[in-house]
Amino acid sequence: MEISTKRLVLREFWEGDLDAVHAFAADPTVCAFVEWGPNTIEETAAFLRQCGKQLLEPRETITLAVTRDSTPIGSIALMRAESDVARGPEEAEIGYVLRADAWGYGYAAEAAAAMLELAWNVLGISRVVATCRPENTGSVRVLEKVGMRCVDYLPGHKRIDGVDRDSLLFAMRSPLRSPHA
Ligand SMILES: CC(C)(COP(=O)(O)OP(=O)(O)OC[C@H]1O[C@@H](n2cnc3c(N)ncnc32)[C@H](O)[C@@H]1OP(=O)(O)O)[C@@H](O)C(=O)NCCC(=O)NCCS
């Protein structure tokens, strides 16, 4: 699968991405608000192997490399079975991470908007959800910019660095569905 946006190409990961992915997956700044990492090189290699396994049908999770000028600068995913907040096969959770020197240029919002289009137009998803820490202002803003709205507060939702952290739950319904559906 490959999706081109104005400035980015979202494409499948491959083994040759190990160094580029590990550069951000091992960065404590990047991992501060997520439940994984900072990764060892073995953990990053396992992540890439897991992405390769997604290509076997049926594909429940779509994880794509966010690339700029052919180099991976991040990762974005649409998750169905793997998600604890998506309810059933017509819902998916979106998640993303970018390397720190790529923050602040609108890349996450550009990639997320493309993944929402994929969800509505190709996958027939009816509702996309996302969670993020309340203090993760950048991620909250990304979700707002792509049209998602905060619908719930989940106390102690994710264990991060040994502590149960609260999450905001964001959601958006497919614009292709009737407002009364
Ligand atoms: C969250 C993340 C993906 C955002 O990527 P990005 O490409 O910088 O996002 P965008 O540029 O599309 O949008 C970020 C928005 O948040 C704003 N923002 C970022 N940090 C902010 C802060 N500390 N305070 C206020 N606003 C902030 C930016 O100004 C921008 O809004 P604007 O376009 O209205 O100016 C990136 O910071 C990241 O990878 N963080 C680590 C992993 C992570 O937290 N992933 C999400 C888990 S829920």
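**Close-up views of the ligand site and neighbouring strands**

**View 1. The residue shell around the ligand.** In this predicted model, the ligand is surrounded by 22 residues, and the closest of them are L98, G104, G106, N136 and K145. Sorted by class, the shell comprises 13 nonpolar, seven polar and two charged residues.

View 2. The ligand taken alone exposes 950 Å², of which the protein buries 70%. Two or more residues of the shell come from each of the elements β5 (91–98), α4 (107–122), β6 (127–132) and α5 (137–145). The element that gives the most to the shell is α5, with six residues.

**View 3. Strand β5 and its two partners.** Strand β5 is mostly covered, with six of its eight residues buried. Strand β4 (residues 71–79) runs antiparallel to β5 and is joined to β5 by six bridges. Within this view, L98 of β5 has G74 opposite; L98 is also among the residues closest to the ligand. Strand β6 runs parallel to β5, and three bridges join the two strands. Here A92 is paired with V128, its bridge partner in β6.

**View 4. The crossover between β5 and β6.** From β5 the chain passes through α4 to reach β6, forming a right-handed β-α-β crossover.

View 5. T63 belongs to strand β3, which spans residues 61–68. Because its relative accessibility is 7%, and buried means under 20%, T63 counts as buried. The side chain of T63 makes a polar contact of 2.8 Å with the side chain of Q54.

Note on methods:
Residues are numbered from 1 along each chain as its sequence is written. This is a predicted model: local features need pLDDT of at least 70, side-chain atom pairs count only at pLDDT 80 or more; totals for chains, interfaces and linings use all residues. Side-chain values use heavy atoms; hydrogens and water are left out. A residue is near a molecule or strand if one of its heavy atoms lies within 4 Å of it. Accessible areas come from the Shrake-Rupley method with a 1.4 Å probe; for residues, only the protein chains shown count as cover. Helices (H or I, at least four residues) and strands (E, at least two) are DSSP runs, numbered from the N terminus. Ala, Val, Leu, Ile, Met, Phe, Trp, Tyr, Cys and Pro count as nonpolar, Asp, Glu, Lys and Arg as charged, and the others, Gly among them, as polar. Buried means under 20% relative accessible area, exposed over 50%, partly exposed in between (1.4 Å probe, protein chains only). Two strands pair if DSSP finds at least two bridges between them. A crossover is right-handed if, with the strands pointing away from the viewer, the path from the first strand over the helix to the second runs clockwise. A polar contact is a pair of N or O atoms within 3.5 Å; within protein, one must be able to donate a hydrogen and the other to accept it, and residues adjacent in sequence count only if both atoms are side-chain atoms.
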